[in-house]
Amino acid sequence: MIVNENCTIVSQKEIAANIYELILRGELSAEMKEPGQFVHVKVADGHDPLLRRPISIANINHEKKEFTLIYRQEGRGTTLLSTKKESETVDILGPLGHGFPIEETEPGETALLVGGGIGVPPLYELSQQLVSRGVKVIHVLGFQTKEAVFYEDKFMELGQTFVTTVDGTYGTKGFVTDVMKDLSFDTIYSCGPKAMLKAVEANYAADKKVYLSLEERMGCGIGACFACVCHTADDPTGFSYKKVCTDGPVFRAGEVVL
Amino acid sequence: MNRLEINLPGLHLKNPVMPASGCFGFGREFGSLYNLSDLGAIMIKATTVEPRFGNPTPRVAETSAGMLNAIGLQNPGLEKVLNEELPWLAQYDVPIIANVAGSTEEDYVEVAKRISTAPNVHALELNISCPNVKTGGIAFGTIPEVAKSLTKKVKEVSEVPVYVKLSPNVTNIVEMAKAVEDGGADGLTMINTLLGMRLDLKTGNPILANKTGGLSGPGIKPVAIRMIYEVSQQVSIPIIGMGGIERAEDVIEFFYAGASAVAVGTANFVDPFACPKIIKDLPELLEQLGFDHISECTGRSWK
Ligand SMILES: Cc1cc2nc3c(=O)[nH]c(=O)nc-3n(C[C@H](O)[C@H](O)[C@H](O)COP(=O)(O)OP(=O)(O)OC[C@H]3O[C@@H](n4cnc5c(N)ncnc54)[C@H](O)[C@@H]3O)c2cc1C
Ligand SMILES: Cc1cc2nc3c(=O)[nH]c(=O)nc-3n(C[C@H](O)[C@H](O)[C@H](O)COP(=O)(O)O)c2cc1C
Ligand code: FES
């Protein structure tokens, strides 16, 4: 069920250059189940900014009724969000959308989790849920540069973790795909920039189960405004469509046009 | 005492608050959040003869106190709306106002004729004001004679009263309103979105793939109030007002300007419970202001 609630900030800290980890407490955490779902955040009261911001759920702690958002301070909305302090509240609508299907990887099989930049956060909750299911996980996390890297140690606790940076200042120099080609696995779950998702789809969708989480500009976030639609792959110029906010944000590779 | 119940051509409304077209889909999403029977009415997404995919994305861009949209009238087409969406909505005790769009007179007439026969469609809203489609649409909304002729043709075939949705993108809104009244319109709905544009700071390119889009939200409220104020004193048909409504106070302001009911658009995106909250708050606000019934507010600003 979708709930609207003023959630209390448990903590907020900058964990990498312009990357913030925000832990919130609220009853709506009870509704959060699938990894890869997101919440719609009203970063300030009033009219500026007016619209909510979609941010993925990075971690769910049902016992403490807490959940974590990890976001990059980008424009006006996320900048305002980053100034919020402990014990203040944030207006959250969620959980929204359909996340990653963990049941597509059987216990004992290996899942490859591929994240790029600010696409990394939802993979953290995903990885934990896969591990509790008995799935072996391997992470390949791509960042621009050393200062942007976050959560490497947390991912390492769950499984083998490779980090790439575009400028080579940390981990392997290059893109996630450079590391992926030497690994063996059964399924891929990926979230990140469109170019990365396209490369993953092009190289692996033919013979592996691949699930991709997409981003699109949103109005409502609940399926009513038709802001976030994409064409389906079997009808790329026709009328059939999927909404990223409700049918996604996670799709099986080959389901929609990237 | 029910302070909110009102009657308009074709519409017996429990209260004068309804979601605006295009901001509520066909109700399904909000139906899982609250009981749609609590609404005064529902204005459903624009329907065209054939299905439409609409414009490429990005389709929305934020502005100060508002948003631009260029959805491009995406909808599943008349057949699907008649066979799937309207029957689904029939489970609720709420009148539907069907928003009708097209690119030729024939298109409008075809949709109007068939959709007006659906049992839960109690009125039509002729969308002659969508700024986001290349052909038709906007010409119908900016040239008085064209608007009048279209209204007449639709009136001839419609089984239910016809409201015409006016575009604010004109120099003389009163002239447009009078033209459609002459054409036989039973009511007006206003305003649709204002044509606008935003550019990306880094690239200099338009943010919307369609380049331009329709501005909605709290920022356009003063424009809507002014236009309703001007038009309501020059026509004798009722007005359903919209443009930036977020709370009960806004509703009263629209009534003061001359509206007889209101629709809520963009606010549904910010707070999906906006409509039921407004409906809940209205009686107490009326009480505070000393009104027995909301209809007493209509046109208080006139003279
Ligand atoms: C399903 C989903 C999950 C996301 N998860 C995360 C996450 O976990 N962490 C994170 O840092 N970011 C995430 N994003 C991207 C995040 O929504 C944007 O970075 C954020 O909206 C930017 O807001 P702003 O006010 O800082 O930027 P501005 O540029 O000022 O925003 C202006 C408008 O554009 C929209 N917008 C700008 N960039 C994006 C974008 N990339 N995607 C969608 N809308 C955008 C904003 O929502 C706003 O309406 C996610 C996006 C989606 C669609
Ligand atoms: C995303 C979006 C889609 C819309 N689609 C339609 C539409 O299909 N038909 C129509 O007549 N108006 C449409 N409108 C206009 C609204 O119904 C309304 O007239 C306008 O947004 C002003 O009200 P608001 O400020 O409360 O949003 C749309 C508006 C938005 C924001
Ligand atoms: S954001 Fe409104 S339909 Fe997806």
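**Exercise 1. Find how many residue pairs are in polar contact between chain A and chain B.**

Start with the rule. A polar contact is a pair of N or O atoms within 3.5 Å; within protein, one must be able to donate a hydrogen and the other to accept it, and residues adjacent in sequence count only if both atoms are side-chain atoms. Now count: there are 10 such residue pairs, both residues at pLDDT 80 or more. This is a predicted model, where local features need pLDDT of at least 70, side-chain atom pairs count only at pLDDT 80 or more, and totals for chains, interfaces and linings use all residues. Residues are numbered from 1 along each chain as its sequence is written, chains are lettered from A and ligands numbered from 1 in the order in which they are written, and side-chain values use heavy atoms, with hydrogens and water left out.

**Exercise 2. Locate a salt bridge across the interface of chain A and chain B.**

Look for a side-chain nitrogen of Lys or Arg within 4 Å of a carboxyl oxygen of Asp or Glu. The rule finds two across this interface. One of them joins A:Lys243 to B:Glu29. Their closest N and O atoms are 3.4 Å apart.

**Exercise 3. Describe the contact between chain A and chain B.**

Contact means heavy atoms within 4.5 Å. Chain A gives 30 residues and chain B gives 31 residues. Next, take the buried area (accessible area, 1.4 Å probe, that two parts lose on being put together, summed over both). That comes to about 2600 Å². Carbon and sulfur atoms give 66% of that area. Finally, A:His47, A:Leu50 and A:Phe226 supply 23% of what chain A buries against chain B, more than any other three residues.
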